[in-house]
Amino acid sequence: MIAVRKLRKSYGVTRPAPALRGVSFDLPARGVTGLLGPNGAGKSTTIRILTGFIRPDDGSVTLAGIDALADPQTARFRLGYLPESAPLYPELTAERYLRYRAGLFGLRGRRARDAAAAAADRCRLGPLRARRIGALSKGYRQRVGLAAAILHDPPVVILDEPASGLDPAQIRETRSMIRELGESRTVLVSSHLLSEVEAGCDRALVLTQGRLVADGSPRELISEHATGPAALLVEASGPGEPTWAVTLRGIARVVSEPRGNRRWSIRLEPSSTEQAAGSPLADRAARAVHDAGWSLHAVTPESPTLEEVFIGLLRNAEPKSERGAGPVGGDA
Amino acid sequence: MSRATPGLFTPTLSIASRELRALLASAAGWLVIALFLLLAGGAFASQALQPGAPASMRTFFDFAGLLLLWMVPAIAMRLLSEESRAGTLEPLVTSAAGDAAITLGKYLGGLAFLAFLLAPTLAYAAILGSVSDPAPDIGPVASGYLSLALLGATYLALGLLASTLTNSQTLAYLAALLALLGLRFLASGTAAVPGFVLNTARSIEPAERARRLAAGIVHAQDLAYFPLAAGLLLVATFAVLSSRRWR
């Protein structure tokens, strides 16, 4: 549904600074995909090119079968877009704003009213649709922006930081609405909240320095790019406190918690991924428990989160590109 | 969605209607209306309503034309620069409306506000008609209003272009105002400028043409000038708006 090929974009004339260096990816007709990357990675540039706000220097974009660069207006007709921080007109009521947006997509009269009402219902605006946007909370303004993005029933929806600045309850609500949208259309979500992508996206694209460095489901990214467990959880019991764990401090961060009945839970976070990759940390922990005369009940590796994988990818991105390692979906 | 594009009419109307609402919802909009009516009304009362004065609105039209030079850039300054500043330009230009509908919609919204500004002054003509004997000729009054409408529409097109160039309303206002004042100064002949500059300035300066029209001197050239000038300025606005995507 979205096909991006070798997208390149630089800013500046005298000394062009590359923002995208040949990014390619395909998104299917259904599902929610997260676009991840640190500031300056090229996320906003990618989104702005997809939405037709700016043009790339090179490459191609196809949205719902339409060449978005050759026929941008038709492509935009098939696209719903919510920019970051949902810029709206505060003097309008939510309902009036949605009808205004319906007009931009050629709907008027009863069709505009029906489309606005359906989008407002879908985004659970309730009676607040009659209130001025300027008087709505950030969460409701976000819902109005989301309703505006989908009121013309586009097959492709792009959301830039839709959860930014929302409280946990609002984030959960937004996630559920995005999930619903993804059941029937292509949804691309740019986000800084890695936990959100992990919880709400079927797939994640990781951009850094204008290149796509990873592409897969959050689970795939973790299994493919994690270099070992994020931590080891040691369950042991013995007299006093687990002072023996001090001997592990050179290779791991140690956090001990009493569990009652002389039992302790000791969390060991390896100070480098290499130490976590193999068994030395587990072996040393087991030996330390044994040498102290304690009983070892369990050693459980904790899976890394997407955030830890993401940080690892960013850390590795520069040396990889310098060594000429081919980025996923990139040709630079 | 069965259609491929939304066409031009509905998006243009939607943008124009929102623009008019925004202007009428802003304090600046009402300040412009109040100032205009106060000053123009004052000029009308002090000159056209004097005992023994001819039943003419000529002085009012001249003064109102001068007021428009200062006030229309204030109406136009927010049309696109405010969208840029507030971040609402992005959802607007990434909608299916297209740059032509955005340009026309903004312009029509501004024109509707201009009509809102000028419409109450029709009461002045009615007052003059009721207190004068003989009543003023309808022809000069009609051509006077036509001159104000055409002059305001041209100023508005220039103001819209200035508003497209910057996201600062103040800069947009100053750019439009200085362009109009500069043109007026050059066309006045008081500056020591080469002949071709003077001739060019006189041929593109709208105020003198409007003054002729207000005096009842109707030239086809003058009538054609206003839509042509506004049209060219709107094409320039469209081009600037579209070129933004290439930056």
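In the predicted model, strands β6 and β7 of chain A pair in the parallel sense over four bridges, where strands (E, at least two residues) and helices (H or I, at least four) are DSSP runs numbered from the N terminus and pairing requires at least two DSSP bridges between two strands. In this pair, A:Leu82 has A:Leu159 of β7(A) as its bridge partner. From β7(A) the chain crosses through helix α6 (residues 168-182) of chain A to β8(A), and this β-α-β crossover is right-handed; the term applies if, with the strands pointing away from the viewer, the path from the first strand over the helix to the second runs clockwise. Strands β7 (residues 156-160) and β8 (residues 186-190) of chain A are themselves paired in the parallel sense, over five bridges. Within this pair, A:Ile158 stands opposite A:Leu188, and A:Asp160 has A:Ser190 as its bridge partner. In general, the strands of a sheet pair through backbone hydrogen bonds, either parallel or antiparallel.

These strands belong to an open sheet of six strands in chain A, with the order β6-β7-β8-β3-β9-β10 and mixed pairing. Strands β6 (79-82) and β10 (211-216) of chain A stand at the edges with a single partner strand each, so one side of each lacks a neighbour in the sheet. From one strand to the next, the twist averages 15 degrees; axes are lines fitted to C-alpha atoms, for helices over the stretch in contact, and angles run from 0 to 180 degrees between N-to-C directions.

Strand β7(A) is largely enclosed by the rest of the structure, because five of its five residues are buried. A residue is classed as buried if 20 or more other C-beta atoms lie within 10 Å of its own, as exposed if 12 or fewer do, and as partly exposed in between, with C-beta atoms placed from the backbone. A:Val156, A:Ile158 and A:Asp160 point one way from β7(A), whereas A:Val157 and A:Leu159 point the other way.

Helix α1 (residues 43-50) of chain A lies across β3 (31-36), β7, β8 and β9 (203-208) of chain A and runs at about 145 degrees to β7(A). Helix α8 (residues 218-225) of chain A lies across β9 and β10 of chain A, at about 110 degrees to β10(A).

A:Ser85 lies in the loop between β6 and α3 (94-104) of chain A and is partly exposed, having 16 other C-beta atoms within 10 Å. Most residues other than glycine have a negative phi.

Chain A as a whole contains eleven helices and 14 strands. Its C-alpha trace spans about 80 × 50 × 35 Å along the principal axes, and 47% of its 332 residues are buried. Of the contacts in chain A with a separation of 6 or more, 69% are between residues 24 or more positions apart; two residues are in contact if their C-beta atoms, placed from the backbone, lie within 7 Å.

Chain B, in turn, has twelve helices and zero strands. Its 247 residues would give a compact globule a radius of gyration near 18 Å, and the 19 Å of chain B agrees with this; the radius is taken over C-alpha atoms, and the globule rule is 2.2 Å times the number of residues to the power 0.38. The C-alpha atoms of chain B fill a box of roughly 65 × 45 × 30 Å along the principal axes. Buried residues account for 42% of chain B, and 78% of its contacts between residues at least 6 apart in sequence join residues at least 24 apart.

Between the chains, 26 residues of chain B are in contact with 23 residues of chain A. On the chain B side, the elements giving two or more residues are α1 (9-25) and α5 (89-93) of chain B, and α1(B) gives the most, with seven residues. This side has 13 nonpolar, nine polar and four charged residues, with Ala, Val, Leu, Ile, Met, Phe, Trp, Tyr, Cys and Pro counted as nonpolar, Asp, Glu, Lys and Arg as charged, and the others, Gly among them, as polar.

Residues are numbered from 1 along each chain as its sequence is written, and chains are lettered from A and ligands numbered from 1 in the order in which they are written. Because the model is predicted, local features need pLDDT of at least 70 and side-chain atom pairs count only at pLDDT 80 or more, while totals for chains, interfaces and linings use all residues.
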